[in-house]
Amino acid sequence: MPEFLRARLDLVGLCGLLVVVLFAYQQLDPTLLDPSTITILSAQFLPLILAAVGQTIVMLTGGIDLSLGAVLSLGMAVFVVTATDDAGGVLLAMALALVVTVLAGAANGVLVAYAGLPPIIVTLAASFLWGGVTLIVLPQPGGHVPSGLVRAYNMGWHGIALPAVAIAIALVGWKLVRSTRFGMAVYAVGGNEHGAYANGIATGRTKILAYGFAGFFVGLAGIGLAIQTGSGDPTIGVPYTLNSIAVAVLGGISFFGGVGQMRGTVLGALLLGLLTNLLLFTGISTFYQMILQGVVLVVAVAVKTLATRERVA
Amino acid sequence: MRALLRDNRAAWSFGVLALVWLAAVLFAQGFDSIASVRYLIQTASFLGIVAVGQTLVVMMSGIDLSVSAVVALSAVVCARVASDSDGATGIMVALAVSVLVGLVNAAGLIWLHLPPMVMTLATGTVIAGALLIYTNGSPSSARIPLLDALANDDVLGVPLATVLWLAIAAAAVWLLHLSRLGRYAFALGNSEPASRASGVPVPVTTFVMYTACALLAGVAGLVLLGFTGTSSLTMGNPYQLLSIAAVVLGGTSILGGRGHVLGTVAGALLLTLLTALLVAWNLDEGPRQVALGLLIIALLLAYARERRTT
Amino acid sequence: MTVSLSVEKVSKSFAGVRVLRDVSFEIRTGEVLALVGENGAGKSTVLSLITGLLAPDSGTIRYAGEPVRAWSPHRARAAGIASVHQELSLNPHQTVAENVFLGAWPTRHGLVRHRDLVAKARPLLARVGVDVDPRTRVGRLPLGVRQLVELAKALTSDPRLLILDEATSALDDDQVNAVFRVVDDLRERGRSVVIVSHRMGELLAISDRLTVLKDGEVVTTRDREETDHDDLVRLMVGRELSDMFPAKAARDTRMEPVLRTRGLSVPSACEGIDLDLVPGRIVGLGGLQGQGQREVLRALFGLRRHSGQIEMDGRPCRLSAPREAIRRGIGYVPEDRKAEGLHVTQSVRTNLALPSLRVLAPGRTLTTVSRQREARLVADLIERMRVKASSPAQEVRRLSGGNQQKVALAKWLPTNPRVLLLAEPTRGIDVGTKREIYHLLRGLADDGMAVLVTSGDTMELVGLCDEVAVMYEGTVVDLLHGEDLTEERLVHASVVGREVTHA
């Protein structure tokens, strides 16, 4: 296999799969490329994509975030509780929700960086904590999202697919962050923590910032989900924890940190989302979607490990 | 002495459990009666059985995220099969499918070289989906006398479920701390390369531990079915994270190779007690979870920090 | 000549073991100071103190005239101290360019531009004689090139003090010369260099002064002109070595080999290796570092996929996994004992018993392990090998390097191996324990075991082995035994091998 392809095996494979799925999708739903379809699809995929972006950032440092779902719900809850009908109020609520989720993420980061506890159990305990805070903010499903916003978001606004724009802005934002020294340090810490420390990188601060950034993207996902569904639900975020991990792994992010590209994660999320929708079209019960998800995950990761194993053993 | 305490975190978890219980008896209402103790150890046994299984895989540096799905799987399958034939068949079939899940998990780890978290996450998802299809979304309920008795009856005032739990824990102590296989599991948990280079049979160890873990999750599902009389697709959900929390609060390192099964028993009791305490204080669901989260973090900081190896 | 950095009466202990005792020396500006001493003499610890990775228990480090306070890698780097370490600090998943500027990536408007990194990395890489695309991932480079990348990284900050800790261990002559050019250049510009290397010749060629450490203390500091190889060895070792090695096997032991390889090959590591391991004889694999010796051992223990024929007792056999090798009576003491040879976070008892669990718990894997028999076995081994541990329950990582190695070796003995494979059996071990291990290995051979040893230490191979196969670039280029087995012949063969393959 040529070196070029081998190095990008995950991405090439994912792109290939995505093209196949898109083609099949186009056959079943010729309106795929219409603005309205794109708007609906992007609104549907936004929470998973952004949640997976958050999970990816954490995993790149060599960590894992089991509290992601809880933080996503928290962002959603804060948003729907504080949002008012005017534009200023909505923006204020968004800002507030993001501040809360960033702080929640950074708090996870502090415990991981300085308490000597492995990320998996810190974020496990934190999932109870943030889940509880969400329930205090929003005990029952409900809350308020301005109906005009919901309509514009889900139906298109002057022909613009707002969710797609939001995803694009978020990804460009990460691209910028990734090319700062901090972004480089995230990869350095995940790839060889001791080496990074010995080279004068503030590993603790890098981790805290990374978890904070993850909180930011997860908060965005929560806000998006609130606008898409038009209300808040304190427990709706739970499945996103494991789904985001699955998507990141699918996209080639390593559990051990330092390996993987954000575009892989995004491709993984798109692939999973489109496959699920395809099942709907083919009339197979939606119940099969979870089975599909599990099988795709195992096959994708197994193919990757077996294909790259020769080099190691 | 200090070194002994530091190295024996399972003992710590019993100490903390004793302290919390004492505090509960002294400062909270309704923790001083025999009935309350009985109720507590009965409810702890569901979590406890799952957590003992989780300990087996965590000790060899693994993790099983499919336990929640297996709890539901076993209960749903048993209820369904029992309503078509009889209770004994239902139980046998339920345990058989649980074992099958464990075998599949282990096979994925050994032959596909998947990380445990990915493999068990995937099987968990597949099972959840399969259950939806199997039940068409509405699982049946069933009263199976045997399970009913197992979950609710007493022996000399001790709930049968608790007796079962302790028996399982005793068997796990033998498996993990006395048998040859247990030594292999600890060795794997401490260093996989060194274990391979010392001739540790990795496949056998993986198969036995993951299968035992799935089997115990299945048993917990059956006991829960007996306790509630009804099965549901989400009945296992709390056990996924709580079983891991119980293992870690029991002083076992999440990185593997360090800890004791009995610590997990204390960990499960501690988690159940804390939850009961928070309920007794009439806290709402939200503050209760916040308190639980903070308490777990505090306890972890107190005695579950990982010592750096370098 | 002014003093750049001075170490004054510094002591340091790990877990109650004193590794440095009142160490004092100084590094002047515009000089190259070599730190010499045996493995475990404390060189790396001293360097870690200078670079801020560790803090001294007592004593001061004075840099540019001021005692250093709250020293850390970050501060040391900022103050102009750069280092190239024995353990590489590169991130294998990032590119060469990214690694060259690791932690100090140049930015434009706050953003790191990869094109800038590549452009700026090129001259630095050229300066250290590395000709690779800066966009290559470091994980794909051979070890030697990685060391040079590490050096290029150290040069980015234009350091006032450069520390080279075994920075040439994986380099060939051309690469070493590139390093020396860099060092010369730094010296001319009034910078200081501290160099640690196990290659005595290099130290004598490049340094101005040499400070000798032994058992955590400074023995003396000599100017380059007033010392030579023999003098330094005497200072480092501090005693005569005549009783170091045991007597060799009698010449007429001509038994059938227990293990024989014909055409053993490991992809991209070694090819066509023929070895005969005879009971009672110790065979060495010599040559420069990294010529495939390690892979031969790993293949024979089933840790590397290999091709070619392997026979045991004249019958062909497959060794596809360590368990198979162990079952056939092969034991392996790896080079990296902390990762592969031992479970360092477990007790001495657990480590010693692990390969013998089949004996301690016969029958199926679910059999209970007999604690009594285990205790007896462990006590026997500890006594036989004279392992110094506070108790069998002590964690292996708390033992000294020599005692760890004894445990890594001892754990195979109860399985009665017929072939013992050892990679670098005395690396990082003090002289006394070295001697013990040599005599022990000879004892095992006399009892009928076949022993195969790799070592980068020529003296060790010559003193210990009955026969040495010299490897170069994955093939055996010479086989030395009897009268022919001398240090000169061994070194010559290692180098001639190169000329032959180039011709």
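Which residues in H3(B) meet which residues in H12(B)? From H3(B) they are Leu47(B), Val50(B), Ala51(B), Gln54(B), Thr55(B) and Val58(B), and from H12(B) they are Tyr239(B), Leu242(B), Ser243(B), Ile244(B), Ala246(B) and Val247(B). Two residues are in contact if their C-beta atoms, placed from the backbone, lie within 7 Å. This is a predicted model, in which local features need pLDDT of at least 70, side-chain atom pairs count only at pLDDT 80 or more, and totals for chains, interfaces and linings use all residues. Residues are numbered from 1 along each chain as its sequence is written, while chains are lettered from A and ligands numbered from 1 in the order in which they are written.

**Helix pair in chain B**

- The residues of the contact of H3(B) with H12(B) divide into 9 nonpolar, 3 polar and no charged (nonpolar: Ala, Val, Leu, Ile, Met, Phe, Trp, Tyr, Cys and Pro; charged: Asp, Glu, Lys and Arg; polar: the others, Gly among them).
- Helix H3 (residues 34-59) of chain B packs against helix H12 (residues 237-249) of chain B at an angle of about 65°, with the axes 8 Å apart; axes are lines fitted to C-alpha atoms, for helices over the stretch in contact, and angles run from 0 to 180 degrees between N-to-C directions.
- That angle makes H3(B) roughly perpendicular to H12(B), a class that takes 65 to 115 degrees.
- The crossing of H3(B) and H12(B) is right-handed, that is, the near helix is turned clockwise from the far one by less than a right angle.

**Chain B as a whole**

- Chain B has 14 helices and 2 strands, counted as DSSP runs (helices H or I, at least four residues; strands E, at least two) and numbered from the N terminus.
- The C-alpha trace of chain B spans about 60 × 55 × 40 Å along its principal axes.
- Of the 310 residues of chain B, 59% count as buried (20 or more other C-beta atoms within 10 Å of the residue's own).
- Among contacts in chain B between residues at least 6 apart in sequence, 77% join residues at least 24 apart.

**Contacts between chains**

- Chain B puts 41 residues in contact with 40 residues of chain A.
- On the side of chain B that touches chain A, helix H6 (116-135), H12 and helix H14 (285-303) of chain B give two or more residues.
- That side of chain B holds 28 nonpolar, 8 polar and 5 charged residues.
- The contact of chain A with chain C takes 19 residues from chain A and 19 residues from chain C.
- H9(A) gives the most to the side of chain A that touches chain C, with 5 residues.

Note on methods. Parallel < 35°, antiparallel > 145°, perpendicular 65-115°, else oblique. Buried ≥ 20, exposed ≤ 12 C-beta atoms within 10 Å, placed from the backbone.
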